[in-house]
Amino acid sequence: PSDPAVGADGLALWRIPLDGLSVGTPVRLAPIAPTLHSLRVERLYENDFWRIVRHGGAVSVFARGIVTESGSESYLDCKLPEGLWPATEVLASVVTSGGTAGGYLRVRPDGTITVGQLGGSGSRGPRYGQLTFVPGM
């Protein structure tokens, strides 16, 4: 017997050698996925609304169920520890649980994290979003 062909879109994870009817020791062809511990994921802050983690050289900010007023300039702030701030403003979109209005998740160069409306009358629906950046970049 011979190994099956793997097409351009395929992925071979293991090879099982055969010797006649006997099965040999499996040979790993792809690396094992890293664990969170091996990636050095560090939870920097977490409460009911925010989760901030550092992983590798990046920082991820998760906004969960944040409710702001329904005006076009409504927002809620949080602050990153110094040394984890981006060099320029970083922006991502957020969604509401009802899907009725959007908003933004922003991290400023001074470490301020903001979730807010994108203008118009907005919504008081809980907002959810994620933003990942490299500090100092």
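A: The largest nonpolar core has 18 residues, and those with the most contacts inside it are Trp 50, Val 61, Leu 105, Ile 113 and Phe 133. The model is predicted: local features require pLDDT of at least 70 and side-chain atom pairs pLDDT 80 or more, while totals for chains, interfaces and linings use all residues. Residues are numbered from 1 along each chain as its sequence is written, and side-chain values use heavy atoms, without hydrogens and water.

Q: What makes this set a nonpolar core?
A: The term denotes buried Ala, Val, Leu, Ile, Met, Phe, Trp, Tyr and Cys residues joined through side-chain atoms within 4.5 Å. Buried means under 20% relative accessible area, exposed over 50%, and partly exposed in between (1.4 Å probe, protein chains only). The 18 residues of the core form such a set.

Q: Which strands supply at least two residues of this core each?
A: They are β6 (50-55), β7 (58-66), β9 (90-96), β10 (102-107), β11 (112-116) and β12 (127-133). Among these, β7 gives the most, with 4 residues. Strands are DSSP runs of E with at least two residues, and helices are runs of H or I with at least four, numbered from the N terminus. By that rule the protein has 0 helices and 12 strands.

Q: Why is β10 called largely enclosed?
A: 5 of its 6 residues are buried, so β10 is largely enclosed by the rest of the structure.

Q: Why is Leu 18 called partly exposed rather than buried or exposed?
A: Its relative accessible area is 48%, which lies between the limits for buried and exposed, so Leu 18 is classed as partly exposed. Leu 18 is found in strand β2 (residues 18-19). Leu 18 also belongs to a nonpolar surface patch of about 750 Å², whose other members include Trp 14 and Ile 32.

Conventions:
Patches are made of residues with over 30% relative accessible area and no salt bridge: like charges are joined within 9 Å, nonpolar side chains (Val, Leu, Ile, Met, Phe, Trp, Tyr) within 5 Å. Accessible areas come from the Shrake-Rupley method with a 1.4 Å probe; for residues, only the protein chains shown count as cover. A salt bridge is a side-chain nitrogen of Lys or Arg within 4 Å of a carboxyl oxygen of Asp or Glu.
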